Every structure is written in structure tokens, then in C-alpha cells.
Amino acid sequence: MASLDPRIRRAEPALWNVELPPLLPLDQWQTYEVFVVRTRGSHAQHVGSLHAPDPELALVLAKEQYARRSTCVALWVVPTDAIHRTASEEEDLFQPATDKSYREPQGYLTTRERLEKYRHRLQSC
Amino acid sequence: MLETLEILLLSLADDDLILGHRHAEWIGLGPILEEDIAFASIGQDEIGHAQAYYQLLTDLGLPTPDEYAFKRPAERFRCAHLVELPNTDYDYAQALMRHFLYDAAEQVRLQALRQSRYEPLAGLAERLLREEKYHWLHARTWVEKLGHSTEEAYLRLKSAYHLLWPYAWLLFEELPQEAAMVEAGWLPPNAELRSRWLELITPILAGIGFEVGPPASEVLLPLQGARHGLRSPHFEALLAEMTEVSASEPEAEW
Amino acid sequence: MYGNLVLRPDEIPNWGKKIEEEDPEKLAEFEARIARGEKIEPWDWMPFEYRRQLIRMIEQHAHSEIIGALPEGTWITRAPNFRRKLALMAKVQDEVGHAQLLYSAAETLGKSREAMINDLLSGKSKYSNIFNYPAKTWADTAIIAWLVDAGAIINQTTNSKGSYGPYVRALERICWEESFHLKYGYDSVVYLATGTPKQRAMLQDALNRWWRPIMHFFGPPDTQSVHTEKLVRWKVKLATNDEMRQQFLDMYVPKIWELGLTIPDPILHKDPETGRWVYSDPNWEEFWQVINGKGPCNAERLAVRRFAEANGRWVREALKSPQARYVMPLA
Ligand SMILES: [Fe+2]
Ligand SMILES: [Fe+2]
Ligand SMILES: [Fe+2]
């Protein structure tokens, strides 16, 4: 049956006689992780990955896959295998074992109370 | 003068319209998904640019963009034959080389039109250049990368280049009434635009080992006349396809 | 703790393990995480069965997007005006983009894009049946963009509440883009429905031809599909086929009727007692035929994909970097 698709019809009959051995590893190139800087002054944010043969083309291709609608001011690409990360079994590294409120502003909510108590004591003397 | 302006704007618009359609044939058939997406954007942009050029005429009381694009008889089109050529065998080297030669021409053309004394056109050129920056980056990156890669890629690009070169040269064929346009300060002569275009592409093409020079006149002669309304043999079928739906119920809105 | 902890499929220690062979402690931890509503990320331990099911599901979804670009892609050159043409181009481009995002999400689980493409082309992995039907007229594109994409949104919104991080993130973006497709599709349908008699007839004809594939879209009825309690617990499967089909009917049948169109199913109605839609048997035999390769367009769709891959091979070969090594992407 001839295709209903005129642009596909233009590829016939070659279309039906294509020999394609299975794709080998890396046929689709290596991957890059894509980061978008949304506005000046903001951090780059990881938005996904793509296949590209080198960083220049990775950027050219990332532009349309990751920034064709959203406005942004810059893109970064990093080869996936250049990313270093902590292991997921190490997630507890980030959980403090003791109260660390002394190094946070919220750790100092009772200062005023202390002062009020003192003033109260002075008054009642 | 309106007629002269129409000639100029139609030649710009029709180039974009038809090439946009040719690019669009690649959606879903590109060499890798990521490139499929990128090239689809470029095709979309070109069709959007065509619409914007037609709109300048509409603003003067002439037909609407849809009427220009989908209701005009073939002989009233003014596009270059370069954009009409079919995607033979879906050879991506041809698609990229045409995109490269064309978008280099657009760079030169639009840079010049920014200074146009026809102000609506100057303003539009300024805006279109924003998207054209990406077209040019995309085209140049691909051609340079592939030009310096494998023997096969080099040979494919080279034969695409040989096929397309005379057609690309004729992107800058003199327009009917060009003298009046130049006189009015709408654009520089096409001969001058062509030399700026050569300046832009020669280092890149020479860098990958392609010779750049004027095609022989016996090659050019039979290919001339596009801007005067002479269509290539490929045009009719494409126009029939483009208008198949709209012509099936001419008064309908879609 | 510092290291270039990239992921390679051959380094996944429990690859190929049956669920009963998995480390019970890790499995319990994994299930507790999902129960708490946390996401699973590519670098987390996960039972192989979870990986396998997700790969199968996301891969099929990715194939459906790239194949789904073909029936509509055919109409871009013929689209009747600028507005529709540009929107259709953007929509079909989005579908290719969805395939890109989904292949990447599946890759994070350890199957390369090459392996997925090979399985698509050999017929080993499936894609949505609906794309094996032809788009015969312009009205078909309107029906596809409205109703098929509506079905896709229901399916994808459901899945976006799943447990696997990369898939969920891809789906969030995809759903946003699909909602543009839906609006575009509905707008096109409304123009045809309110247009000339010829346009209306064209639309009704398209609806007649697409209704059955749309009923098939959510998969076989629950009575015929294998339920696995495990996949529900793992938040891989979030709604049954019938639940999604009912949701679709609830949302779209009234909208179709509002346009004065006739749905080609004389018994279709909502049972006031059960609150569920009752419909004729949409011929599940046909569904199985098409999924096994005997639909009207299966051969062409795969031939086109094969052609595209073969045709682009020299481009990919030309720029292959000898230093590249395969690692699984992170998102
Ligand atoms: Fe351009
Ligand atoms: Fe999609
Ligand atoms: Fe969609």
C-alpha cells in the first residue's frame, strides 16, 4: 500500500528496502546533562539530559529541546560522566546528629525573653 | 511603488515560506531526535517569518498572509529555485547545505535590511535577526563539524554543495525593478549582497576544502528567472500539496 | 564519599534478579520510601523487577511519542493556514521532544537508547496501537490533537504521580505541553464543527473512524489485563485501564455531544445508578490484532522509523567521538 503521507511517498520505494543492522552502543552518541540559567542572578538548574557528539553541538541542540519555550539567559552542558555526586547510601551524611540550632538564626528566639525577664526582676525589686 | 514593494516582500516571504515547508518534511525523519527538534524549530521560524513579511503587505491593504501563501497561483510566486528543490532521497547533507547557504544569505540580507529606508521592513529585519542568529549558529556548527569528520560526510556535503551552489548563487538574482528599490534606499543591490554573502561563507567552505567561485554562465543561464515568476519543475506539486486542504473548501475557515 | 559515581548498566549489582532473590532489608527500605511518598532516583537501590517494569512502560511511552509524530507529521505541509500550520509543527515537534525526554528517563534505568530503538524496529517492544491507524483527512488531525491527546493527558497525569523521579519530572513537562496540544486540537475541532456542511461531515467521518481506536487507547478491560498488586504498591501503576477510560468518557463525551456530533456507539450512556459509562464492545480482538502487528499502518510506521535511523546513520557515525564511553544519563 502506498503511503498516505506525501512526504513519505517521496521516499518510496527506497523506504521499503532499508537494511539496518542493529544499532551499536554509542550510535546515538554520549549524553550531556543540561542546566538552564533562567534569569541573570539565578543559579543554573538541572533540567534534563541529551545525546550529542561534543559540547558545541550539545549546546546547539539543548537550545531547542530545553529552551524553546521558556526564556532563559544561558545554558550549560556537562558530560554526564563528568558529574560527581555523593552516593545514595550516604544520604544520612546530611542529617545532623545533634541540635545545631546554635548556628541558625532560629536558634536565637529566646533572647528577648531573657531580657524581659531581667527587666521584670528589676521592677519587682 | 506598491507593486515594487510587493515584488521585494514577496521574494523575501516566498523564500522563507517554501524553505520552511521543505524543512518541515524532516520532522520525525531527522538523523537523531535532538536534531529533529532543532531543525523543526528552524522550519517553524521560516514559516513564521514568511507570515510576517506578507503581513507588511496586508498592512498596506493588500491580501492577507493566508491568501498570499495558500491562494495564489503558482506563477505569482517569487521564490528562488533553491528553496523549491525537493529533499531528494532525504539526504541530510543536502538539507544542511541548503540550510547553511540559505541562512548565510539571510544573515547578509537581514543585516542590510535593518538599514532599509522602508521602516516597517527595517523593524521586521531587526526582529527576525534574533531568531536567525540561531539558524546561522546551527548551520555553521553542523557544516564545520561534518566537514571535518569522515570521508563519507565530506563527500556527501561536497556533492550537496555542487548540486546546490548555482541555485544558491541565484538567491541574489537581480529583482525586477531593483534599480527603483535601491534608489528608494530599501536595500542594497543584490550583486552587493552576494559579495557580502561570499565573504561570510568563503572562509568556512574553504576551511573544509571546498572551492568557492562563480558558477559557469551556461550552468546559470537555464536556472534564471525565478524572481520574475518562472517556477522550477518541483514547485507545482508542492503548491498543490500546500493548498490541498484550503482549496477543498475555499470559502471555509479552518 | 567522593567519587565519580556514574552509572553503567553492567555495574547494577542486582540486574536480572527475581523479586524473591532480592535483599529483603533493602527491599523493605525501598518500599518504605515509596510508602512515605518519596521519589526513587536513578542512583538508588531498587529491585530489578521495578526497574524492568518501568523500563518497559517508559520505553513504550517513548516509542508511542516518536511513532505518534508520523500520522500528524504528514499533514504539516497540507495544513490550510499559517495559524494551524505553525501550531501543528510545534505540536509534532513537541511529540518528538517527548520521545527524547522519555527515552532519557528510561535510559536512567539502564537500557540504552540504541537498545530501545533496536527493540522497536524488531517489533520486540510495543507502542500505542492508535498510531497504527491512518490520518486520512485534515479532520483526523483535529480529532487526534483533541481526543488522542486528551487520552494521553489522562494517562500521563495519572503516571506523573508515580514513584520514579526522572519519569515524573519528564511527565510534568510533557503534560504542560500536551495541554497546548489539547487546546489546539479542540480549537481545530470547533472550527470544523461550526464550519461548512462539508467540514462538519469531514469531522463526523473522522470521529467515526477514530472512536474505536480511542476506546482501545487505555488498554484492554480490567477483566482481561493482569493486575499486579506490587506495581500499585510501588506506584508504577496508578490507575486501572477502565478507571482511565471512564475518566476520559466522563470528561469528553459531553463535550463531543455539545458539538452536535454523533458518537458511533448506539448504546453509549452513563448508567445513573453506577455512575459508570456503558459502551458497546469495541472489538478487543482488533486491539490484539493491531498490537501484534496487523494494523493498517504498522508496517509503514516501522519502515519509516527504520528509514530515518538508517538514513541518519552517516551523520551519527561522522561525529562519533572515540573517547566517548557509555554511562546512563541522570535525568
Ligand atoms: Fe533562517
Ligand atoms: Fe506527547
Ligand atoms: Fe501531544
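Student: What should I know before reading the model?
Tutor: Residues are numbered from 1 along each chain as its sequence is written, and chains are lettered from A and ligands numbered from 1 in the order in which they are written. The model is predicted, so local features need pLDDT of at least 70 and side-chain atom pairs count only at pLDDT 80 or more, while totals for chains, interfaces and linings use all residues; side-chain values use heavy atoms, with hydrogens and water left out.

Student: How many residues of chain C are in contact with chain B?
Tutor: Contact means heavy atoms within 4.5 Å. By that rule, 42 residues of chain C touch 51 residues of chain B.

Student: What area is buried between chain C and chain B?
Tutor: The size of an interface is often given as the accessible area lost when the parts come together. Here buried area is the accessible area (1.4 Å probe) that two parts lose on being put together, summed over both. For chain C and chain B this is about 4,000 Å², with carbon and sulfur atoms giving 69%. On the chain C side, Thr77(C), Phe82(C) and Trp314(C) lose the most area to chain B, together 22% of what that side buries.

Student: How many salt bridges and polar contacts cross this interface?
Tutor: A salt bridge is a side-chain nitrogen of Lys or Arg within 4 Å of a carboxyl oxygen of Asp or Glu. The rule finds 2 between chain C and chain B. Glu34(B) forms a salt bridge with Arg113(C), and their closest N and O atoms are 2.7 Å apart. A polar contact is a pair of N or O atoms within 3.5 Å; within protein, one must be able to donate a hydrogen and the other to accept it, and residues adjacent in sequence count only if both atoms are side-chain atoms. There are 15 residue pairs in polar contact between the two chains (both at pLDDT 80 or more).

Student: Which helix gives the largest share of the chain C side?
Tutor: Helices (H or I, at least four residues) and strands (E, at least two) are DSSP runs, numbered from the N terminus. H3(C) gives the largest share of the side touching chain B, 13 residues.

Student: Which residues are the protein donors of the iron ion (ligand 2)?
Tutor: Donors are N, O and S atoms within 2.8 Å of the metal (3.2 Å for Na, K and Ca); water is not among the atoms, so sites may look incomplete. For the iron ion (ligand 2) they are Glu65(C), Glu95(C), His98(C) and Glu178(C), at 2.0 to 2.2 Å. Glu95(C) and His98(C) are 3 residues apart in helix H3 of chain C, so about one helical turn separates them.

Student: What coordinates the iron ion (ligand 3)?
Tutor: Glu95(C), Asp149(C), Glu178(C) and His181(C) do, at 1.8 to 2.2 Å. The two iron ions, ligand 3 and ligand 2, lie 3.6 Å apart, and Glu95(C) coordinates both.

Student: Which peptide bond is cis, and where is a positive phi?
Tutor: Most residues other than glycine have a negative phi, and most peptide bonds are trans. The bond from Glu12(A) to Pro13(A) is cis, with omega near 0 degrees. Leu26(A), not a glycine, has a positive phi of about 70 degrees. Leu26(A) lies in the loop between H1 and S1 of chain A.

Student: How many salt bridges are found over all chains?
Tutor: The search finds 50. One of them links Asp54(A) and Lys145(B), at 3.3 Å from N to O. Asp54(A) lies in a loop of chain A and Lys145(B) in helix H6 of chain B, so the pair joins two chains.
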